[in-house]
Amino acid sequence: MSRRTGNLPIRVRLFLITFSVILFFLGIIFVTNTLLLTPYYNYMKEKNLTSTLQTISGMNFSDADENGRASYAMSTMLKSMEETDNIHIIILDDRLNFFYNSTESLSGISAIDRYEGAKQLFNSLFVMSGEKSRGQGTLDSPAIGRRRNSKTDTNYLSLFSVLPVNVDGEVTYYYVMLNTSVSAIEDAVTAFNDYALVLGIFAMIFCGMLSMVLCSNFVRPILRINEAAKRIADMDFGEKLEIRSHDELGQLAESINHLSSELETKISQLSVANTQLKRDIEQKEKIDLMRRELLSNVSHEFKTPLAIIMGYAEGLQLNINNDEKDYYCSVINDEAVKLNSLAARLLDLAELESGAILDITSFNLSELAEERLKTISYMFTEHRITARFGTEGDCTLRADYGRIEEVINNLLANALHHTPDDGRIEVSVKADADSVTCGVFNSGSHIPEDSLDRIWESFYKVDKARTRKYGGSGLGLKIVSSIVHLHGGSYSAENTPDGVLFRFSLPKSCQKEQGAQID
């Protein structure tokens, strides 16, 4: 197939192939009729003439009328054979008299003329036609050939045979000639070819239209499959092919639908895996960043106290007086206490993040929060801070009492350090059906919006100068988040119109009691 033909649509190529096949077979029929029909028709006519000769040889020639002609019964049979087979039968007896001739064309001539006519008719029959006859003129091998009637300008296929007949115990020879018109054969072939030509034209038109319809119907499922494949290539898996048959095209459509479903599932799984991988990478990067920041912050937090300790220790080595020695020792002791507290907090945080064992007990969170607020209330007087407390519902829960106390202490310490003079701190505890929520509010400046999510990270400080002023390490809120998370609770921080509200919620029954100590 040429490249130009290969670029044609399938339905056009199928139409051209179908139309070409139809045209080829019509041409074969026309050529076959032209070249082979006439010889075949002649063969059948020769066979028919030979069969007629065999039939005539079996007739009763002794049954003749008073004129020596064929009897009425025999003439009737011969006439019927002429009409049925479209042939002309001439039979002469041994004296060359007409035994049977339906046309009576030679009935009025004399015996001598009749002899000469028979001689001309039989001995020169095939010479006149210009064609050499086949056969010996006997019953077993009749002479068959063509001749032409110049008067009527008609061609004939003729058979001649000498027929030995037993008449009254003696063998008598009769001469038989059978003629059939060749023009009728040629006219039949011409008429058949003309009919085949007209029929072929109509057949080509009809078959061409039919092939176009069939090709379109055949190609239509392929076009639908092609459109479905394009949609799949564009990652559109929503539409499925309608399966209308179970042939090869139906099986292909079913395979396309299965491929679409499998691709949709696999791509969806890959998308989920890719999203999870991105999250894991982001989490890993975040953890690496937090690890670096933690190392940097720990180094920074340890650096200043260690530098102070080293400086004052060198001063002690210089043998300073007793008053200064006591001061130097107190400074070294204070810085050592800070380092010890920081180390303890780091160990505590590491324990929480590695999954500490909780000592689960039943207690009232409202009573714990109120008690812790009263404990540090003496610190509010110096800065004229107003403290308020409110509770609602049954706030009893099962949790680690010591850890939750640490959470409240850290939140109260954070509120105290960020509440301005003449400000206020409010603690509220509220219970619902499944959890207990504690809120710690302090009036004052807001936390920047971009820092609300980061304040729960280790060593993160919104105002580093102010944090250093009261000695904060930046681990308090991180410890709060770790303890609440370990209990299966939630935590948050939000800015209010006149301050900041920290809130944490705990389930009434902690879910992590496996391996815990329960009173």
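**Exercise 1. Describe the nonpolar surface patch and its place in the fold.**

Solution. F30, V31, L35, L36, L197, I201, I205 and M209 form a nonpolar surface patch of about 770 Å². The model is predicted, so local features need pLDDT of at least 70 and side-chain atom pairs count only at pLDDT 80 or more, while totals for chains, interfaces and linings use all residues. Residues are numbered from 1 along each chain as its sequence is written, and side-chain values use heavy atoms, with hydrogens and water left out.

Step 1: state the criterion. Patches are made of residues with over 30% relative accessible area and no salt bridge; like charges are joined within 9 Å, and nonpolar side chains (Val, Leu, Ile, Met, Phe, Trp, Tyr) within 5 Å. A salt bridge is a side-chain nitrogen of Lys or Arg within 4 Å of a carboxyl oxygen of Asp or Glu. Accessible areas come from the Shrake-Rupley method with a 1.4 Å probe, and for residues only the protein chains shown count as cover.

Step 2: assign the secondary structure. Helices (H or I, at least four residues) and strands (E, at least two) are DSSP runs, numbered from the N terminus. At least two residues of the patch come from each of helix 2 and helix 6 (182-233).

Step 3: examine one member. F30 belongs to helix 2 and is partly exposed at 34% relative accessibility. The classes are buried (under 20% relative accessible area), exposed (over 50%) and partly exposed (in between), with a 1.4 Å probe and protein chains only.

Step 4: consider another residue of helix 2 (residues 10-57), namely I17. I17 is partly exposed, with a relative accessible area of 46%.

**Exercise 2. Characterise T419, D422 and R384 in their loops.**

Solution. Step 1: locate T419. This residue lies in the loop between helix 11 (401-418) and strand 9 (424-431), and it is buried at 6% relative accessibility. A polar atom of its side chain is 2.5 Å from the backbone oxygen of A415.

Step 1: turn to D422, in the loop between helix 11 and strand 9. D422 is not a glycine, yet its phi is positive, about 65 degrees. With a relative accessible area of 55%, D422 is exposed.

Step 2: treat R384, in the loop between helix 10 (378-382) and strand 7 (386-392). R384 also has a positive phi, about 55 degrees, without being a glycine. Its relative accessible area of 47% makes R384 partly exposed.

**Exercise 3. Summarise the chain as a whole.**

Solution. Step 1: count the elements. The chain has 13 helices and 12 strands.

Step 1: Of its 519 residues, 33% are buried. The chain exposes about 31500 Å², of which carbon and sulfur atoms supply 55%.

Step 2: A contact means heavy atoms within 4.5 Å. Among contacts in the chain with a separation of 6 or more, 64% come from residues 24 or more positions apart.

Methods: A polar contact is a pair of N or O atoms within 3.5 Å; within protein, one must be able to donate a hydrogen and the other to accept it, and residues adjacent in sequence count only if both atoms are side-chain atoms.
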